[in-house]
Amino acid sequence: MKGWIVAIAVSLALVSARADSQPQPLIRIHAGGNELRALREAPVAYSVLEEIVADISRPTVPHAAPVTIVRVSPPQEIDYLLCVTSSGTLVVGERIHTLGADGPRRVFVRGEILRSYPSVSGADGWLWLVDVPLSREVRVTLQLRAPARWPLEAVAVTTDIAQ
């Protein structure tokens with residue numbers, strides 16, 4: 001009986017260790033009190049430029065942001081939305097919300113197209129390098145990868161900064 005208990009305990013420990021070694025679905029990077037959150041499998045909500053242009057300036061947008069920066073000063077959240085055009089250009093839209101002093105109340109400030117990135121094509125698909133200012137001292141380069149096909153549903157997000 002003790003042998004079974006030991007075998008079960010060892011199996012549970014191995015399963016737990018494997019689960020801990022698996023990458024988390026969310027990248028989190030902290031600097032200067034600010035936080036960057038990026039989904040490792042980030043949805044691409046838009047495949048046509050006109051769609052993201054129409055949605056980005058509205059106070060409410062139906063798509064969750066795949067990348068968000070939470071700033072402490074001034075207190076705000078910056079959501080980044082993604083569009084990949086048929087030519088493989090990544091278009092990043094920015095939606096800025098101020099955060100209320102009384103808690104997590106978000107107030108929409110503005111939304112606009114931030115930048116577009118041509119893909120670095122390779123044998124294994126498209127690659128975009130997106131530079132994100134996290135604080136005055138820290139800039140994070142996100143590497144977004146996807147197969148070279150359109151329309152895209154998601155991109156894989158990595159960074160070379162240890163998380």
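This is a predicted model: local features need pLDDT of at least 70, side-chain atom pairs count only at pLDDT 80 or more; totals for chains, interfaces and linings use all residues.

Colleague: How many bridges join strand β8 to strand β9, and in which sense do the two strands run?

Modeller: Eight bridges join β8 (residues 126-133) to β9 (residues 139-146), and the two strands run antiparallel. They form a hairpin, with five residues between them.

Colleague: Which strand pairs with β9 over four bridges?

Modeller: That is strand β10 (residues 154-159), paired with β9 in the antiparallel sense. Gln143 stands opposite Thr158 of β10, and Gln143 also stands opposite Leu129.

Colleague: What is the general rule for side chains along a strand?

Modeller: In a regular strand, side chains alternate between the two faces of the sheet.

Colleague: Let us turn to accessibility. Is His97 buried or exposed?

Modeller: The general idea is a cut-off: a residue is buried under 20% relative accessible area and exposed over 50%. His97, with 4% relative accessibility, therefore counts as buried. Its place is in strand β6 (residues 90-99).

Colleague: With which side chain does the side chain of His97 make a polar contact?

Modeller: The partner is the side chain of Arg106, at 3.0 Å. Leaving aside residues up to four places away in sequence, His97 touches Pro59, Pro75, Gln76, Glu77, Asp79, Arg106, Val107, Phe108 and Val109.

Colleague: Pro59 is in that list. Where does Pro59 lie?

Modeller: Pro59 lies in the loop between α2 (49-56) and β4 (67-72). Pro59 and His97 are 38 residues apart along the chain, and their C-alpha atoms are separated by 9.2 Å. With residues up to four places away in sequence again set aside, Pro59 touches Arg95, His97 and Phe108.

Colleague: Why does Pro59 count as exposed?

Modeller: Pro59 counts as exposed because its relative accessibility is 55%, and the cut-off for exposed is over 50%.

Colleague: What is the relative accessible area of Ile113?

Modeller: The value is 34%, so Ile113 is partly exposed. Membership of a patch requires over 30% relative accessible area, and Ile113 is one of the residues that make this patch.

Key: Residues are numbered from 1 along each chain as its sequence is written. Side-chain values use heavy atoms; hydrogens and water are left out. Patches are made of residues with over 30% relative accessible area and no salt bridge: like charges are joined within 9 Å, nonpolar side chains (Val, Leu, Ile, Met, Phe, Trp, Tyr) within 5 Å. Accessible areas come from the Shrake-Rupley method with a 1.4 Å probe; for residues, only the protein chains shown count as cover. A salt bridge is a side-chain nitrogen of Lys or Arg within 4 Å of a carboxyl oxygen of Asp or Glu. Buried means under 20% relative accessible area, exposed over 50%, partly exposed in between (1.4 Å probe, protein chains only). Contact means heavy atoms within 4.5 Å. A polar contact is a pair of N or O atoms within 3.5 Å; within protein, one must be able to donate a hydrogen and the other to accept it, and residues adjacent in sequence count only if both atoms are side-chain atoms. Two strands pair if DSSP finds at least two bridges between them.
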